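Reader: I have a structure to go through with you. Where should I start, and how should I read each feature?

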Amino acid sequence: MTDTSRPLYDVMSTLRAVRRLREDPIPDEVLERILQAATWAPSGGNLQPWRLVVVRDAALRRELGVMYKPLWERYAAGHRKGLKGLEGEALEKQQRMLAAADHLGDHLGAAPVILVACFNPKLMAITDADMDRPSVVGGGSVYPAIQNLMLACVNEGVGCTLTTLLCYAETEVKALLEIPEDWYTCAYIPLGYPVGKGHGPISRRPVEKMCFGDRFGSALG
Ligand SMILES: Cc1cc2nc3c(=O)[nH]c(=O)nc-3n(C[C@H](O)[C@H](O)[C@H](O)COP(=O)(O)O)c2cc1C
């Protein structure tokens, strides 16, 4: 593999959702590097209980786009209601995000590649499965692979967004992509070269708000 890597922290700190994508194809060698990065991810017991369906066929992508649009519209209507009371820069930020996400809602099927992340719970060590709270450990054996591939996308200048709404249409997606019965979907990542600047500055809470020292809520110091 040729070393074309950008500094890791630059890549991590510019991984933002890129929802306006050009339709021109992603070269095979670029896509291969992105997929290779996914395979480097850790998983519980190294069982690697995920697979990616790399959807490039135009008719299949179109179908996924048709399914995504109403799901996004329903979600966005709820999200917009929640913006009441916001004003100024916070409101503008949300509106910019929604405009881009509306665009993706209308154009997901036109992205040259849609990665469909599948998982098989039978291959997973889901150590919180029987607890009396929502189980999240299983996702820890899948989403690191997705994060890896998205970081590789930043490195390659390829736009991407992790989306999940198509899980609601999983039955139809499974039929469309011939996903076996005991495999399910947990992320759909449209890829393409960005229309605009692509990955760039992100807005996240500072370390001191997110990380504590010794006891939850105590300042790290
Ligand atoms: C688990 C998860 C699910 C997401 N689902 C969607 C989605 O269905 N549609 C979408 O447009 N963005 C989706 N996103 C992208 C987030 O909205 C985005 O990462 C977040 O608003 C922060 O924006 P930024 O990454 O551009 O800074 C999802 C992100 C995550 C991590």
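Author: Start with the ligand. This is a predicted model. The residues around the ligand are Arg-16, Ala-17, Arg-19, Tyr-68, Leu-104, Thr-161, Leu-162, Thr-163, Thr-164, Leu-165 and Arg-204.

Reader: What puts a residue on that list?

Author: One heavy atom within 4 Å of the molecule is enough.

Reader: Which backbone and side-chain atoms come up to the ligand?

Author: Look for pairs of N or O atoms within 3.5 Å. Ala-17 brings a backbone N or O atom to 2.9 Å from a ligand oxygen. Arg-19 uses its side chain instead: a polar atom there lies 2.8 Å from an oxygen atom of the ligand. On the nitrogen side, a polar backbone atom of Leu-162 is 2.9 Å from a nitrogen atom of the ligand.

Reader: How much of the ligand does the protein bury?

Author: Taken alone, the ligand exposes 620 Å². The protein buries 63% of that area.

Reader: Where does the ligand sit?

Author: In the largest pocket.

Reader: Is Gln-48 buried, exposed or partly exposed?

Author: Compare its relative accessible area with the cut-offs. Under 20% is buried, over 50% is exposed, and partly exposed is in between. Gln-48 has 36%, so it is partly exposed.

Reader: What is the phi of Glu-178, and where is that residue found?

Author: Glu-178 has a positive phi of about 55°, again without being a glycine. Its loop runs between α6 (170-177) and β4 (184-192). Glu-178 counts as exposed because its relative accessibility is 69%.

Reader: Let us move to the loop between β2 and α5. What does the side chain of Asp-128 reach?

Author: Ask two things of such a side chain: how covered the residue is, and which backbone atom it meets. Asp-128 lies between β2 (113-119) and α5 (143-156). Its relative accessible area is 1%, so Asp-128 is buried. Its side chain reaches the backbone nitrogen of Val-136 at 2.8 Å.

Reader: And what does the side chain of Ser-141 reach?

Author: The backbone nitrogen of Gly-44, at 2.8 Å. Ser-141 is in the loop between β2 and α5. At 6% relative accessibility, Ser-141 counts as buried.

Reader: Why does Ala-125 count as partly exposed?

Author: Because its relative accessible area is 42%. Ala-125 is found in the loop between β2 and α5.

Reader: How far is Ala-125 from Asp-24 in sequence and in space?

Author: Read both separations together. The two residues are 101 residues apart in sequence. In space, C-alpha to C-alpha, Ala-125 and Asp-24 are 40 Å apart.

Reader: Where is Tyr-75, and how far is its C-alpha atom from that of Lys-122?

Author: Tyr-75 is in helix α3, residues 58-81. Its C-alpha atom and that of Lys-122 are separated by 30 Å, at 47 residues apart along the chain. Tyr-75 is partly exposed, with a relative accessible area of 43%.

Notes. Residues are numbered from 1 along each chain as its sequence is written. This is a predicted model: local features need pLDDT of at least 70, side-chain atom pairs count only at pLDDT 80 or more; totals for chains, interfaces and linings use all residues. Side-chain values use heavy atoms; hydrogens and water are left out. A polar contact is a pair of N or O atoms within 3.5 Å; within protein, one must be able to donate a hydrogen and the other to accept it, and residues adjacent in sequence count only if both atoms are side-chain atoms. Accessible areas come from the Shrake-Rupley method with a 1.4 Å probe; for residues, only the protein chains shown count as cover. On a 1 Å grid over the protein atoms alone, a cavity is a set of points where a 1.4 Å probe fits but cannot get out, and a pocket is an open set with protein on both sides within 12 Å along at least five of seven lines; lining residues have an atom within 4 Å of a point. A molecule sits in a cavity or pocket if more than half of its atoms lie within 2 Å of its grid points. Helices (H or I, at least four residues) and strands (E, at least two) are DSSP runs, numbered from the N terminus. Buried means under 20% relative accessible area, exposed over 50%, partly exposed in between (1.4 Å probe, protein chains only).
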